[in-house]
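Look at the fold as a whole before turning to its parts.

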Amino acid sequence: MEASYNILIIGGGIVGSSIAMALAEAGAKDIAVVDSDLSGTWGSSERNAGGVRATWSQPVNIALSKDAIAFYEQHAAEVGFHQQGYLWLYDEAGWRRGKAHRKTQAALGGVLEPLFPQEITKRFPFLDRLEGVYRAGFSPKDGLINPNLLKSYYRRRASAAGVTWIDRHAVEKITVKEKSVRRLHLREISSEDALRDFLITQKLAAESPVSTVEVKTLVNAAGAWAPRLSSLYGQKTPSTALRRQVSILHAQDLDLSAYGMIVDNSGLYFHHEGGNILAGYALPAEPPGYRLDYDRDSFFIQEIWPRLAKRSSNFDRLKPIGGWAGLYAVSPDSSAIIGQVDGFLNLYEAHAFSGHGVMQSYAVGRGLAELILEGRYRSIDLSMLSGHRFKTGKTVSETMLI
Ligand SMILES: Cc1cc2nc3c(=O)[nH]c(=O)nc-3n(C[C@H](O)[C@H](O)[C@H](O)COP(=O)(O)OP(=O)(O)OC[C@H]3O[C@@H](n4cnc5c(N)ncnc54)[C@H](O)[C@@H]3O)c2cc1C
């Protein structure tokens with residue numbers, strides 16, 4: 001197969017799909033999205049917690065999420081957005097450290113209600129163990145989204161505006177000439193084993209068919225795999241892939257469906273998930289790498305259960321019923337890398353979301369489409385998120401991380 005496209009997006013996860021929708025609806029023609037697996041089995045957009053919040057420390061992250069939330073509100077039923085808030089539990093030191101963030105959020109129109117421990121138990125009666133909790137902050141505009149519905153929604157609109165989808169093909173070679181990407185080699189992915197092997201080791205079966213694609217503009221939206229793609233065009237992006245795990249649990253006689261996300265001061269987060277509870281925790285010593293295996297009982301018993309039981313007697317008895325691992329694409333300052341790639345005339349990138357790609361996807365897609373089609377950001381200035389910042393040292397250090 002020899003094909004040519006005006007714009008090719010590598011990665012059809014939630015970010016690539018949003019970019020495709022924004023470009024096509026802004027009038028760009030001849031756009032394709034290529035993905036080694038459009039069903040996204042191992043992609044981060046399938047393996048996240050669905051949290052959406054504008055409670056961040058950096059103004060640009062607040063602005064991106066706030067704008068995206070306004071969009072999710074408008075399409076709440078179609079994208080499964082439930083604005084039930086985020087409850088943040090703090091110890092005294094954490095509450096004091098967060099003062100500056102709360103000021104920044106308030107200045108940008110954010111709402112965060114401070115709660116004393118007795119108010120927390122009144123509003124969240126299942127939280128009957130609050131040892132060490134000094135205050136909580138409740139942000140009612142935040143909430144939970146269905147990432148699958150959101151991705152399908154972007155794709156539906158992108159398809160209606162003419163986007164082509166190339167499934168089960170991995171980009172394995174990129175030809176660059178005179179500061180421009182010209183041609184890509186795509187290799188077919190022939191089986192589920194080949195897909196998993198490729199995403200973990202980047203090995204592709206030499207006997208699988210290869211095709212070439214000519215492009216005028218290329219977008220690297222390959223999520224945690226973006227650094228591998230950037231090495232194909234001779235760049236070293238500073239982001240890394242990091243495994244994150246979540247457990248699914250059942251608590252007898254406890255229904256959390258009236259509540260949104262709860263973030264404990266230990267770093268544990270949890271929320272209802274179809275009659276069960278989804279709980280996640282980032283292992284501080286997790287080494288970077290493409291690990292997609294879930295530690296099962298040891299993760300639940302050592303990391304999840306003790307932290308949950310510390311907050312509620314309802315969690316004394318919990319039944320672990322599953323879980324999974326997925327990848328965070330983490331940048332050195334925990335803000336995304338978005339913009340034109342340094343030294344290239346026709347190459348753009350949007351990745352390294354460091355755990356906030358679902359919630360920011362709408363505003364990022366729109367922003368990158370503006371940059372590609374108009375040469376400037378019109379809605380929100382995202383220029384400070386360009387990868388160039390790691391050369392100048394003008395980083396955008398995000399500290400409100402889970
Ligand atoms: C456990 C966990 C919890 C999370 N919780 C949240 C949350 O609550 N809220 C939130 O906003 N975010 C959360 N995130 C982060 C969020 O999931 C990501 O930021 C987001 O999904 C990134 O989307 P993406 O489209 O960039 O990447 P992906 O969905 O990973 O898509 C990248 C795609 O690129 C494809 N690809 C890779 N290499 C190639 C190649 N060579 N050729 C062709 N295709 C290729 C892959 O197949 C993949 O489909 C969480 C992540 C994890 C793992």
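A residue is called buried when its relative accessible area is under 20%, exposed when it is over 50%, and partly exposed in between, using a 1.4 Å probe and the protein chains only. The model is predicted, so local features need pLDDT of at least 70 and side-chain atom pairs count only at pLDDT 80 or more, while totals for chains, interfaces and linings use all residues. Residues are numbered from 1 along each chain as its sequence is written, and side-chain values use heavy atoms, with hydrogens and water left out.

Start with Ser45, which is buried because its relative accessible area is 14%. Ser45 sits in the loop between strand E2 (31-34) and strand E3 (51-52). Helices (H or I, at least four residues) and strands (E, at least two) are DSSP runs, numbered from the N terminus. The Ser45 side chain reaches the backbone nitrogen of Ile14 at 2.9 Å. This is a polar contact, a pair of N or O atoms within 3.5 Å; within protein, one must be able to donate a hydrogen and the other to accept it, and residues adjacent in sequence count only if both atoms are side-chain atoms.

Which backbone atoms lie 2.8 Å from an oxygen atom of the ligand? A backbone N or O atom of Met359 does. For Val358 the corresponding distance is 3.0 Å, and for Val15 it is 3.1 Å. Taken alone, the ligand exposes 1,000 Å², and the protein buries 97% of that; such areas come from the Shrake-Rupley method with a 1.4 Å probe, and for residues only the protein chains shown count as cover.

Because 16 of the 18 residues of H11 are buried, the helix is largely enclosed by the rest of the structure. After H11 comes Gly375, whose phi is positive, near 80°.

Gly110 lies in another loop, between helix H5 (99-107) and strand E5 (113-115). Gly110 counts as partly exposed because its relative accessibility is 36%.
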